[in-house]
Amino acid sequence: MEKNKKAPARAKAKVDYLLTTKLFCGHCKAAMTGVSGTSKTEKKYHYYQCVTNRRDKSCNKKTVNKDYIEDVVVQQLREFLTPDNITTIAKEVVDLCERESNNGNAKRLQKLLSENEKATENLLKALESGQAVEIIAERITQKKKEHDELSYQLLVETTQHPIPSVRDIRFFLSQFRKGDINDPKYRQGLVDMLVNKIYLYDDKMTILCNTQDGHFDVDLKEVSSLKGHLVEARGVEPLSESTFTGTSPSAGGRLHSLTQPQAVKLLSLVES
């Protein structure tokens, strides 16, 4: 009885699909989502399957073994982090941070500071000419207090959007490349930071990166043998009926650029 009580818990064990929202079918461009199935021998298998293929079989894209395709992607991303690519990513992150820091409130404060300084300059000229000395001196004092307050507000605004140097980010990415390739958090970090979309075919995949015009093709035949990795939708072994479970959330489109949340995440890692 004790064994039977534990069995459901094992069956419901959470499986993380690393490429959820990133992996798409190269044939029909639909999302490829995580599915699992149990064979006749009660062994559990995990795959990515084209949504169209799963829905009505109108797409003939083969299902791909989860661990295999995730390992290939992680390895390719590691290799993508060359010194030249690291420099490109670092420059783009800095450019993005500069654009983000130049927000509406900062512009407003800078404009007010400029107006304050011009007004103060005019008051000083009036003071030098001997016009209403006491009144003008009082107004100059007020403008000085106003200038100090605006300067403080601008400082607070700019420190909320720190801009790291290209050197800082290059160092971080160079160290990041040396992470433990088997660490789930490290693997997720690589994918989140670098991958925009992946289009998977039966013999190759195209990886679109979160950098301007950053993409590359991977010949799966050169990476490793496809035998046992790309399979029909029913799996390596015949799966029992109605056993597909654990479908991951469907993928949505993303802008082909380094997104703000990803940049923020990268910056938090740089600063830590």
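The model is predicted, so local features need pLDDT of at least 70 and side-chain atom pairs count only at pLDDT 80 or more, while totals for chains, interfaces and linings use all residues. Residues are numbered from 1 along each chain as its sequence is written, and side-chain values use heavy atoms, with hydrogens and water left out.

- Helices are DSSP runs of H or I with at least four residues, and strands are runs of E with at least two, numbered from the N terminus.

- Strand β2 (residues 32–38) is mostly covered, as seven of its seven residues are buried.
- Seven bridges join β2 to strand β3 (residues 44–50), and the two run antiparallel, with Ser36 standing opposite His46 in β3.
- Five residues lie between the strands of this hairpin, where Glu42 takes a positive phi near 70 degrees.

**Open sheet**
- Four strands form an open sheet in the order β1-β5-β6-β7 with mixed pairing, where pairing requires at least two DSSP bridges between two strands.
- The edge strands, β1 (23–25) and β7 (215–219), each pair on one side only.
- Strand β5 (residues 195–200) and strand β6 (residues 204–209) run antiparallel and are joined by five bridges, and Ile198 has Ile207 in β6 as its bridge partner.

Terms used. Buried < 20%, exposed > 50% of the residue type's maximum accessible area, 1.4 Å probe, protein only.
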